[in-house]
Amino acid sequence: MQSSNIGRYLAQGINTMRQDDPALYDILEREHERQMNTLSLVASCGGTDASVMAAAGSSIVNVTAEGYPGNRYHAGCAYVDQAERLAIERARRVFGAAYVNVQPHCASFANHIVMQSVLRPGEAILGLALDQGGHLTHGAPVNLSGRLFASHTYGLAADGLIDYEQLRAQALQHRPRLIVCGTTSYTRVIEFDRIRAIADEVGAFVLADITHIAGLVVAGLHPSSIDAAHFTTTCTFKQLYGPRGALILMGRDADSVSDDGKRTLAERVQSAVFPMMQGSPEVHTIAAKARAMGRLLEPGFRELARRIRSNADALAAAMAARDYEVIGGGTDNHIVLFRVHPHINGLVAQAALESCSILVNKNKIPGDLRGAQVASGVRLGTNTAALRGFGAAEMALSAQLIDTVLRHTSVGPQGEVLVPETVRDDVIGAVRDLCQRFPLPYAALDRHADHHAAAHAAREFA
Ligand SMILES: *Cc1c(COP(=O)(O)O)cnc(C)c1O
C-alpha cells in the first residue's frame, strides 16, 4: 500500500501528545486498556473499529461547513460535500430510507429537531413514560420536550408489554400531534404498524426513536420503523457501532406535504436541523458515520447482528438457569433485564460487578418500588459481546461470573459494597482471560501487520 498522509499525521499526533502532554496521554492509554480488559454488558454501548475512529480523527475536522452539500456558507467544502453525500447515500441503502439527515449531533437533539419541525409550543405529545422505559426526550417533565409541549404518557401492561390499548385510549383522550415510541430497556418487539394505525386514527405524527435496536432493524431482525413512522431517529454509537452522533430518517412520508400546505415533511426536517437548531455540522463525525454505514453494508454485519440476538438468548437462558427472574421471560433484542437478589439492589449489584471488571447498569423493573437511582433490576446488553465474537459458551460463562459476584456481595454498615477479595481476584482474572481470548477488533490490530505499519509511521515522525 502507498504510504498514507493522514496515517502519518495521526501517528504524529499520538507521539506529540505522548511527549508534550503525558497527563492526557496516560488517561487515554489507560482508557484503552480498560476497554480491552473489561467485560462490557452495557446495553447502550457498542464499539467502533479502528477505521471508524481514524475517520473521526482525520484532518477533515478542520472544515467549517454550515449548510448542506452544494449549498454551504463557506468555501473549501468540496470534499466535505462528498463525505456527507456518501454518508447519506449509504445510510439510505442501509435503512431503505427515502430521506436521511446525517448532521444531528446526538439522538436527544435529533428528537428535539423532529419535534421542532412539526410542532408548536404547547401542543400535545404522547410518549412512553420515563420509568417504563421511555427516554428523557420523549416528553419527561425534566426535559425540554416536557417543558415545551403538553406531555402525556402511556406505559407497560402487567405482562410487561407495551399497553397498546392504553396508548390508544390516551391518544383518543389527548389528541396528540405526535406519538413517540422507542425505548431504552424494552426487551420485546415494538409494533410500529400498530402505533401508526392509532396515530392515523387521531391525526398524529409518529416518531420512532430506534436508538437501541437500530442494528437489528438494519439486519432485518426487528420490524423496520422507516415506513411505519413519519420520522425515525437513531444514535450512531450504540448498535450501529459508529461515532457519537445521530441520524434522522424518513420513508414513505418524506414527500408528503405537511399542514403548512407548502413544504414536504422532509423539507421541514431539513430546515429544522439547519438553520433552526444546529450550526456547522461535525464534518469529521459525518465522515465516521459514512465509514460506519459502509461497515453496515458489508455482509459481515448481518452475522454480527445475528450474534447480538443469539448471545442475548443464551444470556437470558443462562441467567434463568441460575434462578434469576428474567423480566418478560426472555428477549427479542439485545437486552436482558433481571431482578437482583433481595439482599442487594441494582445500584449495589452494578458497583460490585464493576469492582470485578464486569460493566452493567442498574435498571428499574416493572412495578419497581425503588427509584431509578437505586432500582431492583440490572440491564445487560450484548452489542459489545457480539463484537468480541462471543458465542453461547462465553455468555454462559458471563452469567456464571455475574452470579458468583452477586451471590458473594454484601453491604457493610456504612453502606459500602463488599465483595470478598478472593472472589474479586478470581473473577477479574477470568474476565481478563476471556477478553484476551476474544479481543475487541481494535485490540486485535496489535496482532496484525497494521500494527507494524502504524508503528513504522509513528517512528517516521518520532
Ligand atoms: C441512548 C438513547 C438516546 C440518547 O442518545 P444521545 O445520542 O446520547 O443523545 C435517545 N433515545 C434513546 C431511546 C436512547 O436509548
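A backbone N or O atom of A107 lies 2.8 Å from an oxygen atom of the ligand. This is a predicted model, in which local features need pLDDT of at least 70, side-chain atom pairs count only at pLDDT 80 or more, and totals for chains, interfaces and linings use all residues. Residues are numbered from 1 along each chain as its sequence is written, and side-chain values use heavy atoms, with hydrogens and water left out.

The table lists polar contacts, meaning pairs of N or O atoms within 3.5 Å.

| Protein atom | Distance to an oxygen atom of the ligand |
|---|---|
| A107, backbone N or O | 2.8 Å |
| H212, polar side-chain atom | 3.4 Å |
| K238, side-chain N or O | 2.8 Å |

Taken alone, the ligand exposes 390 Å², and the protein buries 87% of that; the areas come from the Shrake-Rupley method with a 1.4 Å probe. The residues around the ligand (a heavy atom within 4 Å) include C106, S108, H135, D209 and F237. By class, this shell has 4 nonpolar, 6 polar and 2 charged residues. Asp, Glu, Lys and Arg count as charged, Ala, Val, Leu, Ile, Met, Phe, Trp, Tyr, Cys and Pro as nonpolar, and the others, Gly among them, as polar.

Helices are DSSP runs of H or I with at least four residues, and strands are runs of E with at least two, numbered from the N terminus. Helix 4 (residues 78–95) and helix 11 (residues 283–297) have axes that come within 8 Å and cross at roughly 35°. The axes are lines fitted to C-alpha atoms over the stretch in contact, with angles from 0 to 180 degrees between N-to-C directions. Their contact (heavy atoms within 4.5 Å) involves V80, L86 and R90 among others in helix 4, and I286, M293 and L297 among others in helix 11. It has 12 nonpolar, 1 polar and 4 charged residues.

Most residues other than glycine have a negative phi, and most peptide bonds are trans. Y241 has a positive phi near 55° and is found in the loop between strand 9 (231–235) and strand 10 (246–250). F274 and P275 are joined by a cis peptide bond with omega about 15°; P275 is in helix 10 (residues 265–277).

How values were computed:
A polar contact is a pair of N or O atoms within 3.5 Å; within protein, one must be able to donate a hydrogen and the other to accept it, and residues adjacent in sequence count only if both atoms are side-chain atoms.
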